[in-house]
Amino acid sequence: MPHALAVEGLEKRYGPVRALKGVDLAVEEGELVGLLGPNGAGKSTLVKIAAGLVRPTRGRAEIAGSRAGSRAARAGLGYLAELFRFPGWYSADEVLELHQRLARSNGGAAERTRLLELVALADARDRRVDGMSKGMQQRLGVAQALVGSPRVLLLDEPTSALDPVGRRTVRLLLEELRTRGVSVLLNSHLLSEIELVCDRVAILLAGELVAAGSPAELSRPRGIELETEEGVRTVEGASREDAPRLVAEAVAAGRKVYGVRVLTSTLEETYLEAVGGETS
Amino acid sequence: MSAVLTIAGYGFREAVRRKVFAVVLVLTAVFLFLFWLASHYVFGQLSSISPPADVHVDTRTFAGAFLLGLAMFATLFLGVVLAVFLTLGVVSGDAERGLLQPLVVRPVGRATLLLSRFLGAGIVCVVYVLAVYGIALGIIDAAGHWTPPAIAAPGLELAGGVVIVIALSLVGSVVLSSTANGIAIFMLFGAGLVAGLLGTIGHALNSHTIQHASTIAAWALPFEALYQDGLRLISGSATGVTSFLLQLGPFGGAYIHGWQIRVWAAAYLAIALAVALLAFRRRDL
């Protein structure tokens with residue numbers, strides 16, 4: 001069974017700039033993987049290579065076993081670009097209809113209605129793109145990416161222009177997609193969003209993969225905080241599994257234990273540690 | 001086929017929205033009115049023109065061929081304006097605006113996308129050129145009761161010339177920004193016209209160097225050669241001094257003509273399209 005998305009030794013040069021320096025990454029069926037990294041880390045380049053918009057200098061990128069950019073790969077793919085625009089004179093319904101034709105989707109009006117409802121744009125069905133807010137256009141972009149029920153979804157900053165309610169709509173949508181077995185590569189700057197919905201997280205820095213794992217794995221234990229009559233003591237390096245033993249030892253030593261807390265680093269702390277405070 | 005029609009329709013709607021057709025139609029209406037006015041007065045005063053008795057000039061044929069040559073030049077120019085504005089930003093322009101990426105990732109593919117845009121622009125421009133050429137023929141026939149010896153072929157050659165410009169503009173749209181592409185295509189068009197006029201001057205002065213330069217330009221820019229061949233065909237009935245006088249003017253006709261240039265024009269079009277497809281296939285978006 002091929003990976004939903006697989007990149008191996010992926011390199012991309014733009015003249016003298018090496019945007020990607022041999023990245024390996026796989027997204028399994030029904031998995032939601034978040035891509036993190038500072039500006040210029042190569043996240044959008046990776047997503048564009050997977051979408052077949054950019055040719056890799058070296059390495060391999062495949063969608064469900066087919067070379068990225070090939071007709072077979074594009075047939076099962078949904079993509080939302082970071083910077084995109086729809087013709088301003090099209091209505092929301094017409095945009096989706098155009099993409100239905102190009103994706104050879106036979107979902108008809110029912111599919112369009114369902115997608116517009118999914119992104120909370122049912123009331124704006126006949127509104128022209130010109131008359132939509134940036135957030136509405138972005139939600140329409142998400143709906144467009146879902147035309148034809150793709151098995152793999154590449155979302156490049158899908159919530160960058162959304163308000164908190166819009167972000168929640170997209171987050172719920174992603175969770176629903178996961179239950180349907182859709183694989184998603186989500187490129188976002190919003191750590192909290194990634195932490196909430198993603199099964200795994202990959203952190204890119206200067207074109208290299210510097211960390212990868214589930215949010216829980218990346219949120220490493222920082223120790224156990226034990227509160228006794230002597231005050232609060234931190235046992236560094238201890239994990240959740242060590243908590244009962246530490247409490248038992250304290251009690252055996254005649255201490256009164258008032259509280260115990262497992263300390264873990266947040267994804268944000270892990271991210272900042274991985275990228276070394278880089279922003280671009 | 002459905003995808004081809006969808007994309008061609010998409011380009012058509014974009015052109016309507018950007019008022020490309022509105023501008024071209026207004027310009028065309030102005031031109032056709034002025035052309036009717038000119039034809040009306042020229043043919044109305046034809047009887048008052050009296051060349052020397054020993055010089056036999058067929059004034060009706062001269063006036064008809066000259067006016068139709070002028071109409072063909074204007075039709076080619078307007079056709080090129082339409083062609084360029086329909087295609088100058090098909091790749092770079094749309095990619096810069098973020099319009100292209102959502103379309104390219106769809107299963108239709110880049111080749112279908114580009115060829116559909118070519119087909120859409122080609123159909124619009126061919127219909128436009130043939131319509132304007134046909135109306136100009138009608139005006140001359142109504143005003144001066146003159147028709148050229150060849151009717152269909154010159155119009156088709158004009159349309160063919162515009163189709164070649166569309167292909168060149170598509171190549172430019174892959175490698176240049178919209179503005180640079182528009183400038184480049186209009187400069188190529190201008191260079192072609194100047195080369196054609198140089199050929200006329202070269203033959204009038206019997207300058208082999210100028211003739212040679214004009215010949216090279218005609219093969220390098222076959223849209224100009226097709227237009228010149230069209231001019232040759234409409235003045236085919238002129239003989240003697242009438243033909244000589246027409247040859248001296250700006251609408252004198254081709255010195256490179258016949259099936260060779262037509263076959264080369266078709267091959268040139270195929271090569272230009274192949275280059276555009278290859279360049280688009282390799283282009284990062």
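The contact between the two chains takes 23 residues from chain A and 21 residues from chain B, where two residues count as in contact if their C-beta atoms, placed from the backbone, lie within 7 Å. On the side of chain A that touches chain B, the elements giving two or more residues are α2 (71-75), β6 (77-80) and α3 (92-102) of chain A. Helices (H or I, at least four residues) and strands (E, at least two) are DSSP runs, numbered from the N terminus. The largest share of this side, four residues, comes from α3(A). Its residues divide into 14 nonpolar, three polar and six charged; Ala, Val, Leu, Ile, Met, Phe, Trp, Tyr, Cys and Pro count as nonpolar, Asp, Glu, Lys and Arg as charged, and the others, Gly among them, as polar.

This is a predicted model, in which local features need pLDDT of at least 70 and side-chain atom pairs count only at pLDDT 80 or more, while totals for chains, interfaces and linings use all residues. Residues are numbered from 1 along each chain as its sequence is written, and chains are lettered from A and ligands numbered from 1 in the order in which they are written.

In chain B, helix α1 (residues 2-17) has 16 residues and reaches 22 Å from its first C-alpha to its last, close to the 22 Å expected at 1.5 Å a residue; the expected span is 1.5 Å times one less than the number of residues. Within α1(B), B:Thr6, B:Ile7, B:Ala8, B:Tyr10, B:Gly11, B:Glu14 and B:Ala15 are buried, that is, 20 or more other C-beta atoms, placed from the backbone, lie within 10 Å of their own. The buried residues of α1(B) pack against α3 of chain A together with α2 (20-44), α3 (59-87) and α6 (109-144) of chain B. After α1(B) comes B:Lys19, with a positive phi near 60 degrees.

Chain A contains an open antiparallel sheet of four strands in the order β2-β1-β4-β5; strands pair if DSSP finds at least two bridges between them. β2 (17-27) and β5 (66-67) of chain A stand at the edges with a single partner strand each, so one side of each is left without a neighbour in the sheet. Strand β1 (residues 5-14) of chain A is joined to β4 (residues 58-63) of chain A by five bridges, and A:Glu8 has A:Arg60 in β4(A) as its bridge partner. Helix α1 (residues 43-51) of chain A packs on this sheet, touching β1, β2 and β4 of chain A, and its direction makes about 115 degrees with that of β1(A). Axes are lines fitted to C-alpha atoms, for helices over the stretch in contact, and angles run from 0 to 180 degrees between N-to-C directions.

Strand β3 (residues 32-36) of chain A has five of its five residues buried. A:Leu32, A:Gly34 and A:Leu36 lie on one side, and A:Val33 and A:Leu35 on the other. β3(A) pairs in the parallel sense with β8 (residues 183-187) of chain A over four bridges, with A:Gly34 opposite A:Leu186. β3(A) also pairs in the parallel sense with β9 (residues 200-205) of chain A over four bridges, and there A:Leu36 is the bridge partner of A:Ile203.

Another open antiparallel sheet of chain A has three strands in the order β12-β11-β13. Its edge strands are β12 (231-236) and β13 (257-264) of chain A.

Note on methods
A residue is buried if 20 or more other C-beta atoms lie within 10 Å of its own, exposed if 12 or fewer, and partly exposed in between; C-beta atoms are placed from the backbone.
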